[in-house]
Each structure stands twice: as structure tokens, then as C-alpha cells.
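Please look over the sequence and the structure shown below, and then follow the report on nonpolar cores and aromatic rings.

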Amino acid sequence: MRILVMGAGGIGGYFGGRLAAAGVDIRFLIRPARAEWLARHGLVITSPLGDLRIPVATLTAADAPFDAVLLACKAYDLEGAMDAVAPAVGPATLVLPLLNGVRQLDRLDARFGRERVLGGLCHIGVSLTEAGEIQHLNRLQRFVLGARTSAQVPAAAALHKVLERGGFAPVLSEDVMQDMWEKFTFLATYAGMTTLMRAPVGGILSAEEGEAILRDMLAECVATATAGGHPPRPEAMAQMVASLTERGSAGTASMLRDMMRNGPTEHDHILGDMLARARAAGLSAPLLRVSLAHMQAYDATRARGAP
């Protein structure tokens with residue numbers, strides 16, 4: 001199976017690199033500058049689970065169909081990513097997005113056809129260093145994929161079998177939309193609150209009303225997910241609460257890290273989409289409103305070039 005990975009940054013570079021090291025036929029679709037760097041240095045991963053430095057095959061433009069395309073871009077780069085991979089998507093190509101949230105599925109379906117687009121998500125702490133290396137920040141490397149229609153089940157199982165060779169134990173989900181919604185619910189809370197407070201979870205919890213506000217934000221997102229037909233399962237709910245009430249936690253959402261370096265963020269794709277769904281369901285979501293307004297104000301200030 002030939003797999004095209006869009007980008008060789010944190011997520012795409014990490015999982016694609018693990019697959020390439022296992023002998024899977026992987027190509028990375030990247031910008032020329034990144035291709036030159038990889039040609040000189042190879043793909044470099046530093047990780048508690050084992051470092052890696054290997055030569056990899058790259059493309060700066062796709063010109064023929066692949067068996068599968070792995071999309072691991074940020075939501076604000078999705079339009080450009082779809083344009084870039086379009087020549088690689090043929091009649092039998094599977095498109096596996098690992099973006100946060102769920103709104104990307106409608107856009108991918110409209111562009112490539114619902115029959116080609118699987119569901120997927122990952123939980124991993126990775127970053128691309130200034131030196132061009134991929135830094136894995138902890139031991140977490142959860143990768144989930146699954147069919148969204150019954151017709152996709154055999155193809156999803158075949159792709160899963162190939163991905164297993166990467167050594168990161170990918171999960172073939174029987175209800176990938178539920179898995180995606182559970183991550184969406186947690187992330188909207190986590191990103192909304194750590195950006196609003198500009199503090200890690202532990203810092204928020206040190207405030208007198210910190211835990212109560214975190215729980216209220218989670219309740220808004222859970223109510224929205226429930227109205228959309230995806231109430232979190234008990235185990236997932238317990239994990240969310242444990243993460244959001246961990247005293248002393250240094251955890252922050254990548255949205256806050258993007259914000260602190262004055263970069264673009266996924267606030268509209270995560271907070272905006274969750275709030276729109278809450279409003280469509282007739283739900284009151286005051287903390288989502290404040291969190292989104294805060295990020296919109298940040299974005300407007302950034303656009304003016306102000307600090």
C-alpha cells in the first residue's frame with residue numbers, strides 16, 4: 001500500500017516517520033525548503049519511546065493517485081492541503097484526516113466524496129523544533145481510525161493492518177464518530193479555558209473558582225455533544241474530568257502555545273463550531289461565548305500587527 005503523508009511536521013512527521021522506519025511505502029508531500037532540509041539531515045524524531053533518524057522519500061507536488069492520503073494539518077491550512085493532495089486522490093484512494101474537531105469532514109466530503117473519507121484522530125504531544133527535528137514530548141501516541149460507512153469497513157481494516165507496522169498500536173474504531181466527538185468535547189473545554197486564562201490546567205485550578213469554571217465549561221460542551229447525538233461515554237467522561245482537575249498539571253492546549261507565539265489558531269474550527277452547534281440546539285453556552293470572543297479579539301489584534 002502506497003501512502004502519502006501531507007507534511008512532515010509534528011504529527012505527520014512522527015507517524016509517517018515511524019511507518020517509513022518499518023518499511024511502509026511512504027511519501028511526504030512538503031514544501032521545497034522542508035524537502036531540502038530532509039535531504040540533508042533525514043527525518044529526525046527524538047522521543048522517550050526511541051529516537052529516529054532516517055532518510056525519507058519526499059514530493060513537492062503530487063501527480064498520481066496513492067492508496068491512502070494521511071492529512072495531519074491544522075484546520076486553518078485545510079483548504080491549501082486539499083488542493084495539494086487532490087492529484088493524489090483517485091477513485092480508490094482513502095483519505096484519513098487527523099485534524100481536531102469534526103467540521104473538516106463536511107469539507108473533505110464535499111471535495112473528495114464521502115465514500116473516500118474515513119474518520120480519524122490522534123492524541124500525541126509533538127512539536128517541530130527550530131532545528132527542524134520532531135520532538136515527542138511524552139509517551140502518548142494514540143492513533144484512531146475507522147469507517148464512517150459500512151462500505152468503508154474492509155478498506156479501513158486493510159489500512160489499519162498496514163499502519164500497525166509503525167509500532168504505535170493504531171486503534172480500528174467501531175464508532176469513530178463517537179471517538180472524534182469525545183476528543184472534540186474535551187478539546188473545546190481544554191483549549192477554551194487554557195487560552196481564556198492564559199494558564200495551564202494547574203494554574204487555573206489554583207484560582208478560587210478555577211475548578212468550578214472548568215467544570216461549567218465542560219458541562220456546556222457535553223450538553224452540546226449530547227444534543228448532537230454523541231454524549232460522552234462514562235470512561236471518556238471520567239478521563240476528561242481527571243485531566244481537567246489534575247492539581248499541578250502543566251498541561252496546555254496547542255491553541256495556547258500557538259497564541260503565545262502570535263500565530264494563527266484553530267479557534268473558529270473548535271470553539272466557533274462548538275458554539276454554533278450549541279446555539280443550533282437552543283443551548284445556553286456563556287463560557288463558550290466568552291472563550292470564542294477572547295480568541296476573536298486576539299485574532300483581530302494580531303491582524304493589525306499589534307502585540
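Two residues are said to be in contact when heavy atoms of theirs lie within 4.5 Å. In this predicted model, Leu4 touches Arg27, Phe28, Leu29, Leu59, Ala62, Phe66, Ala68, Val69, Leu70, Val85 and Ala88, where residues up to four places away in sequence are not counted. Leu4 also belongs to the largest nonpolar core, which has 62 residues, and Leu4, Leu71, Val85, Leu108 and Leu288 are the members that touch the most other members. Helix 6 (residues 176-197) gives this core its largest share, ten residues.

| Pair | Centre to centre | Angle between planes | Arrangement |
|---|---|---|---|
| Tyr14 and Phe15 | 5.3 Å | 85° | edge-to-face |
| Trp181 and Phe184 | 5.1 Å | 55° | tilted |

Tyr14 and Phe15 are both buried, and together with Phe143 and Phe168 they form one aromatic cluster. Trp181 and Phe184 are separated by about one helical turn because they stand three residues apart in helix 6. Trp181 is buried, with a relative accessible area of 5%, and Phe184 counts as buried because its relative accessibility is 0%, where the cut-off for buried is under 20%.

Phe66, one of the residues that Leu4 touches, has the charged end of Arg2 sitting over its ring, 4.0 Å from the ring centre.

Note on methods: Residues numbered from 1 in each chain as written. Predicted model: local features only at pLDDT ≥ 70, side-chain atom pairs only at ≥ 80, totals over all residues. Heavy atoms only, no water. Core = buried A, V, L, I, M, F, W, Y, C linked by side-chain atoms within 4.5 Å. Buried < 20%, exposed > 50% of the residue type's maximum accessible area, 1.4 Å probe, protein only. Helix = DSSP H or I, 4+ residues; strand = E, 2+ residues; numbered from the N terminus. Phe/Tyr/Trp six-rings, centres within 6.5 Å; stacked < 30°, edge-to-face > 60°. Lys NZ or Arg CZ within 6 Å of the ring centre and 35° of its normal.
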